[in-house]
Amino acid sequence: MADDLLLNIKGLVIEATAYPPGEPPKDITLVHGVDLALKRGKVLGLIGESGAGKSTIGLSAMSYGRGGVRLAAGSIMLNGREIRTAAPTDLRHLRGREVTYVSQSAAASFNPAKRLMEQVIETSIGHGLMTKAEAEARAVTLFRKLGLPNPETIGSRYPHQVSGGQLQRVMTAMALCPKPDLVIFDEPTTALDVTTQIDVLAAIKEAIRDTQVAALYITHDLAVVAQVSDEIMVLRQGRMVELGTTDQIINAPREDYTKALVAVRSIEHEEKPEAPAVLSIQNVTARYRGTNFDVLKNITLDLPAGQTLAVVGESGSGKSTLARAITGLLPPRSGRISFAGRTLSNETKARSMDDLREIQMIYQMADTAMNPRQTVGDIIGRPLELYFGLKGAEKQRRVQELLDQIEMGAGFARRYPAELSGGQKQRVCIARALAAKPKLIICDEVTSALDPLVADGILKLLLNLQAESQVAYLFITHDLATVRAISDKIAVMYKGAVVRYGQKSDVLAPPFDDYTDLLLSSVPEMRLGWLEEVISTRKMASAGN
Amino acid sequence: MRIPLSALIGMIFTGGFIFVAIFAHWIAPYPINDPVGGVWEAPSAQFWLGTDTIGRDILSRLIYGAQVTIFVALAASILSFALGTFLGFTAAVSGGWLDQALSRSVDLMMAIPSLIVALVLLSVLPLNLTVLVLVIGILDSTRVFRLSRAVAADIAVMEYVEAAKLRGEKGNWIIFKEILPNALSPLVAEFGLRFIFAVLFISTLSFLGLGIQPPLADWGGMVKENRDGLIYGKTAAMLPAAAIAALAISVNLVADWILTRTSSLKGGRGG
C-alpha cells in the first residue's frame, strides 16, 4: 500500500566536488542510483565501510548534503511529496519536524554554553509544535524513557556536566521531542565505550519501539545494527550490495561481501604455552606530573618472547599509559621494568640504542604517526639507516623487502602518506617497526580506526609476522573480539589496576569477576536478541552510568 | 592552480621592485649623488619625477634607494628568521628550563618598544650597514621566535615526533627533518610580513637620521631630505613615501595568498 511508505527513494545519485591537492577540482559520484523504501514505524539499518555512502544517503532523507555534496538525480519522496528539489523554505519546515537527526559525536554537536533542556526543546518550539511547558514535559518523559538519571533535573545541566553516553541519550531525546516521523541515527554509539554503548543502544531501541517512529540506523558494525533494525541494507562504494530482513542478512547472507562482513572477527588463534618472559613489569606505579593520583597502580605483568599479551580495558583504564611507562615517556614512580634480561632505564633519553631499537611502537592513528612530508621509502628507511647504517641501494633493497612483507608492492616507496588508504598507512607503520628488527612491538589500538574487514587483514598480517620473526606484541585494545583473535595472555585493566590476568583460556573462562563479566557481555554478538539477553542478565552497571 | 587577481598584482609589483633593485645601476638615468638640475624641479621629460632638495634626479635616487632598502630589509629578515626559528624550535622541542629561559628573555625584549631599543643601540654603535642589519634582525627575531615556537609546539606533540624520539633521534634531526618541513608554509607567509616590517623599520630609522647614512640613498632618508619642500607644495617627499607603501602592499598581497593556501591545506577549500 503506497500510504504505508514514509520514505521512498528511487535512483538516487549523489555527486560531490573533490579538491585533490595540486590538481584541478573534479566531480566524483558518491552514490550510484540507490533505491530505498521505509514504512512507518520500521527501522532500516544502513551498513558499510567508510566511503560506502551510508551517511550521505542517510542525510539525503532530509534532502541535505554536507559541504559540496549535491543530490544530483533521482527522487526522494517523504510522506508522499518530492523533497529532493524542494525549496529551502519547505525544507526548513520539514527538517526538525518530520525528520530529525542524531549524530555520532554528541559532545561536538551540543552548544557548550546552553543548558541541555533549552537545546532539547528548541526545534519543537521553533516550529511552533508545542508550548514551552508541553515541550519540557515531553522532554522529561523522554529522559525517563531513555533511562537518564534524575530526568526532572538533568535538563538544567550543561553538556560538559554529563557523561558521553548520557549526552548521546539526551541527543536522542532531542531528536524525538518534536514527534518526528523519521529519525536518522548516524553511528550514535560508535564513539562510546563498549559497556556504555550497550546501555545507549538498549535505550534507543526502547525509545524507537515506544514512540513508533521510523528510523534509518547508520553504522559500520553489523552486530550493532542487528539488535535494532527490522531490515538491513548493505552498501559498498555507493552501491547497494544486499537488502534483506535482519534475520536473513545475519543468518543467511547471499552476497560474498555480506558473508565476509558477517564472518568478520572470526580469526582463530591457538594460545601458546607459558614461556620465559622477554618483558617483565614489576609493581609499576605511575602518575602524570602535577597530579596527585596514580594512573597506574602496582602493575605486574610478564610477556613471554614471541607471544602476545593483550591489555584490555575501557578509555581511562590506563592501558595507553602503561605503554608510555614501558617506552619511558612517562617514567614510573616506583617499580621495575626489565626487558630481555636487562633492567630498562626509566627515561627514554637514558636508554641505549639497542634498548630503543628492540622496543618498537605502532599507534592507533597511522595518519598522525607518519610525517606527512616524508615518502614511504624515507619512513621505512630511516630505522635501517639509524640502527644498521644501511645506505643507497642496500637500503632500498631492504625497504622493498619490508614492503613485500606487509603485502604492498613496488612503487609504494615513492608515495606520500596522503596517497595511501587507511589500511595501507597502518601497514607502513608496521613495516617501520619491523625495520628495526625488534623483540617487542607495542600495538596501541592499531585496528580501532579501521573498517572491520581492513582490521581483520591487519590482524592476520601481525599474526603471520609473529610466526616468521618471533616478535612479541603488547597489544592494547578495548575490543574483546580482537583480543580473542590475537592474544596468548590477557590482562584486564580497570581504573589503573589489573583486575584479571593470565593465559587467554583462563581469563576468558568463568567464574568472572564483575568487571570482566560486564566487559565480556558488552561485546556485540552477531545474533538476534542478544541485546535483551545481556541487559537482563548482567551483574554490574557500566561505568558511564 | 588558480592564482587570485590580488596575489597576481602583488607578485608583479614585488617582482618589479626586485628587478629594479638588482639592476639599479643600468636602469637609473642619472648618477645617484650628482646635482643634475635645479632645486625641486617639477616632473618633466628630462626628470620624470622631478629633482630634490639639492637638484638630484628623484627617479634615480628612488631606484638606487630600492636597492639599499630591499637589501638591508632582506638581510635583516633572513637573520631574524634563522635566529628566531632555530631558537623557537629548540624551545618547543626541549621544553623545560631552556624553553622558560628563552621565552622569558624574549618577553623581556618585547616589553620594550623595538624603536627605542634600536635608537639607543644605534646611537652608541658605529653606523654602518652591518650594524643596522644586526640590530634590526635581532630585534625582529623575537617576533619570529614567538610564531615558530607556537607552530613547532603544535607539531612537537604529533605522534610522528614522539615516534622519532622513541627511535632515539637527536634534537637536530627532530628540528630539521620532522618539524621544519611541516612548519614551512606558515613561516614563509610570515617572512613576507616581517620583511615589510623591516622595510618600515629601516625607513623610520633613516627618517630619524640613525639608519642608512649619506652618500647612500634610501627611501626613509629621502623623505627626511625633502620634507621641507612640503611646506612649499613640492611633492618630492611624497614619492619615496609612496614607494614604501606600494612595496608594503604588494608584498602583503602575496603573503596573504600564501597564508590562505596554507590554511586550505588544513581542511579549508582554499582558492
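A:T17 stands opposite A:D27 in β2(A), where strands are DSSP runs of E of at least two residues and helices are DSSP runs of H or I of at least four residues, both numbered from the N terminus. This is a predicted model, in which local features need pLDDT of at least 70 and side-chain atom pairs count only at pLDDT 80 or more, while totals for chains, interfaces and linings use all residues. Residues are numbered from 1 along each chain as its sequence is written, chains are lettered from A and ligands numbered from 1 in the order in which they are written, and side-chain values use heavy atoms, with hydrogens and water left out.

Reader: How many bridges join β1 of chain A to β2(A)?
Author: Strand β1 covers residues 5-18 of chain A and runs antiparallel to β2(A). Two strands count as paired if DSSP finds at least two bridges between them, and for β1 and β2(A) the number of bridges is 11.

Reader: Which strands of chain A stand at the edges, each with a single partner strand?
Author: The open sheet has four strands with antiparallel pairing, in the order β2-β1-β4-β5 of chain A. One side of each edge strand is left without a neighbour in the sheet, because each has a single partner; these strands are β2 (26-39) and β5 (81-82) of chain A.

Reader: What separation lies between the centres of domain 1 of chain A and domain 2 of chain A?
Author: Domain bounds come from an automatic or database domain assignment, which here gives domain 1 as 40-63 + 87-263 and domain 2 as 277-371 + 439-509. Taken over C-alpha atoms, the centres of the two domains are separated by 35 Å.

Reader: How many salt bridges are counted between domain 1 of chain A and domain 2 of chain A?
Author: Contact, meaning heavy atoms within 4.5 Å, involves 10 residues of domain 1 and seven residues of domain 2 of chain A. The two domains bury about 760 Å² between them, 51% of it on carbon and sulfur atoms, where buried area is the accessible area (1.4 Å probe) that two parts lose on being put together, summed over both. A salt bridge requires a side-chain nitrogen of Lys or Arg within 4 Å of a carboxyl oxygen of Asp or Glu, and between these domains the count is zero.

Reader: Which residue of chain A meets B:E169 in a salt bridge?
Author: The interface of chain B and chain A takes 18 residues from chain B and 22 residues from chain A, and the two chains bury about 1,900 Å² between them, 54% of it on carbon and sulfur atoms. Across this interface the rule finds two salt bridges. In one of them, at 2.7 Å from N to O, the side chain of B:E169 meets that of A:R382.

Reader: Which helix gives the largest share of the side of chain B that touches chain A?
Author: On that side, α7 (159-167) and α8 (171-207) of chain B each supply at least two residues. The largest share amounts to seven residues, and it comes from α7(B).

Reader: How many helices are there in chain B?
Author: The C-alpha atoms of chain B fill a box of roughly 75 × 50 × 30 Å, taken along the principal axes. Chain B has zero strands, and its number of helices is 10.

Reader: Which residue is joined to A:P510 by a cis peptide bond?
Author: The residue lies in the loop between α20 (504-507) and α21 (514-522) of chain A. With omega at about 0°, the cis peptide bond joins A:P510 to A:P511.

Reader: What is the phi of A:K179?
Author: A:K179 is found in the loop between α7 (164-176) and β7 (182-186) of chain A. Although A:K179 is not a glycine, its phi is positive, at about 50°.
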